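Keep the structure open while reading.

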Amino acid sequence: MLKAGQFKIPVHLAFGHEAVAVAMDLTMQAEDALCLTHRNGAYNLARSKSFDSELAHYELRGRSGSAAQMASMNLAMENTGIAYTSSILGNNMAVGAGIAMNRKVCHREGIVFILTGDGAIEEGVFWETLIFARSHELGIAVVVENNNFSLGSTIAQRRSPIDLSLVCAGLGVSFRRATGAELPEVKAALGAARSDASRGCPAVIEVQLHTFNQHAGPTPGWAEDPRRIALHDGLLLGQGDDPNDPLVRLQQALGEEHFRRLAEQVVQENAVG
Amino acid sequence: MPLADPTYIAQIIAQVNEVTARCGPVLLFGENINYGSRIGGLARGLTVNSEGVIQNVGNCELTHLGVGLGIMLDGGQAVQFGKQLDFIVLGLEQACDTFNFIRAYRPRSSWGSFTIFVVVCDQGYQGPQSSMNAAGDFASLANIPVYCLNGAEDAARVVRRHFVAPGFRILCLSQRHFASPALQLPVEWAAPDESIFRYKSGDDATVAAFNFSLRDALAMDRAFRAVGIRSDVFHVNFIPGMDLAALLDSSRRTRKLILIDDSKTVTKFGDAIVTELASSSLDVGVLSYCRRGSADNEYGANEDRFLPDVDRALAFIRGT
């Protein structure tokens, strides 16, 4: 739908983030809050369990000012525990810390999960918020979705490496790393981080992801975009695919025959759609 | 118990304490808020009720604004105490973007409160990086109310009504007035939203004071009265979309409008009054004292005094 230009609004896809979103949904408790980024579609879907409700926001359905008018960049659907969503890199870090601070002042239960990415950790507010949260023993768990890209450039193309484990060790913040393609692994990491945060120890989880550039097809104006898999081609895997790619993992889990049949089904449905 | 002859800052903090004594859980935070000089005297004598917290914090102003808005988003009450307006610039992204999310997507009934309570360094000699004094620019950028506390009564009314009210606003205090006696003068009339206060009345001229110019405006009024001229004197806060009727009606009656704005900003709220008057058929003369396009040397370490020329104002009123 996005490639067909069916939306007036910009939508940031998150192919490859699905396991983290589902793990988040399984980990969050009723009293917890979630602060997202512009790449929030999978999380809104996992928390709302309603694709049509999410689509209503993308399509700006409903009267002006009604619930289904949030578009995508700041989508924070009601009754999902999603307190806030920001399209400004790092902005939601401080807001999430504020929510956690309010819970502390008012003696309310619940921790705050904050989504961010390998681009946003370059922002000063990432550093500031970790210091603030550690200083005041706030219940926050920061999930760093490391998909290697910020806009069209890889980490190697734009900056020096950052070892988050050392950053967190220096600040006294707990740190975990997980592979974003494996639901049990991410869920275990989020659960442990939630436990730390509940005790007033801020936590960081770095999740390795393989995202849009592998699965969304060609991007206009981006000549280097590796168009390795597109729906109309089926779920084709190329030579030398990263073993942590979610589709490679799926192929391994299903076996080649089941995966081939799934691919045919996807192509068929795509053609009908 | 009322303070006897309080200073400008002591009178305001006494008013704050009246609010925080009964407002329930509230977080008052700022760097050195309960240590050392108490933010240069800004938080000296500050108290809260048993559910409130006074919290010292580190040097991360961008995060502080986000934290305050996060507390507001979660339904809580927070006040950030700031040493100077320049530091708030570091958090402007939060002031604009986060509050835009809240007002667009969260019902007002769910809003908590966030107030920035900040000193404007306008006493001079602080150097070029502490000379920004344009409180109204923040109202324009973030489209939020900004109140400049001038007289004792306008300050008391604003603090009482807005310090922990649902929503987001900035309350500014003038550093150069800190040690001065509080300006004890009765308000003759106030707009319901505390956007405009009238301190004096007369039919010969309309004097509208912005930012921290009220004392200058009252000094001018005293000079006028010494020669038999009476003027309406208004203190005007920076409230986006405010009702200008009181100022327009006064100007139409007196036919002489004097604008006094000590802020170093290009965008002047007084321009809105002039624009409205220009669209009417009445002929109203305007004399503007402002620092639009300030010279480079106005940003250095110097006295930084803004001195409206009273003789020029008298000539303007007399038409000479």
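Two strands of chain A, S3 (112–117) and S5 (149–150), each supply at least two residues of the lining of the second largest pocket. The model is predicted.

**Second largest pocket**
- The pocket holds about 410 Å³ of space.
- Its lining counts 22 residues.
- Nearest the pocket centre lie His38(A), Arg39(A), Leu89(A), Phe149(A) and Ser150(A).
- By class, the lining has 13 polar, six nonpolar and three charged residues.

**Helices H1 and H6 of chain B**
- H1 (residues 8–20) and H6 (residues 152–162) of chain B have axes that come within 9 Å and cross at roughly 25°.
- Angles under 35 degrees count as roughly parallel, so H1(B) is roughly parallel to H6(B).
- The crossing of H1(B) past H6(B) is right-handed.
- H1(B) makes the contact through Gln11(B), Ile12(B), Gln15(B), Val16(B) and Val19(B).
- H6(B) contributes Ala152(B), Ala155(B), Ala156(B), Val159(B) and Arg160(B).
- This contact of H1(B) with H6(B) comprises seven nonpolar, two polar and one charged residues.

**Helices H8 and H9 of chain B**
- H8 (residues 245–254) and H9 (residues 270–278) of chain B pack at an angle of about 55°, their axes 10 Å apart.
- H8(B) and H9(B) are therefore oblique to each other.
- H8(B) passes H9(B) in a right-handed crossing.
- Leu247(B), Leu248(B), Ser251(B) and Arg252(B) of H8(B) meet Ile273(B), Glu276(B) and Leu277(B) of H9(B).
- The contact of H8(B) with H9(B) has four nonpolar, two charged and one polar residues.

Key:
Residues numbered from 1 in each chain as written. Chains lettered and ligands numbered in written order. Predicted model: local features only at pLDDT ≥ 70, side-chain atom pairs only at ≥ 80, totals over all residues. Heavy atoms only, no water. Axes fitted to C-alpha atoms, helices over the stretch in contact; angles between N-to-C directions. Helix = DSSP H or I, 4+ residues; strand = E, 2+ residues; numbered from the N terminus. Parallel < 35°, antiparallel > 145°, perpendicular 65-115°, else oblique. Left-handed = near helix turned anticlockwise from the far one by under 90°. Contact = heavy atoms within 4.5 Å. Nonpolar A, V, L, I, M, F, W, Y, C, P; charged D, E, K, R; others polar. 1 Å grid on protein atoms, 1.4 Å probe; cavity = no way out; pocket = protein on both sides within 12 Å on 5 of 7 lines; lining within 4 Å. Points joined across faces, edges and corners; volume = space filled by probe spheres on them.
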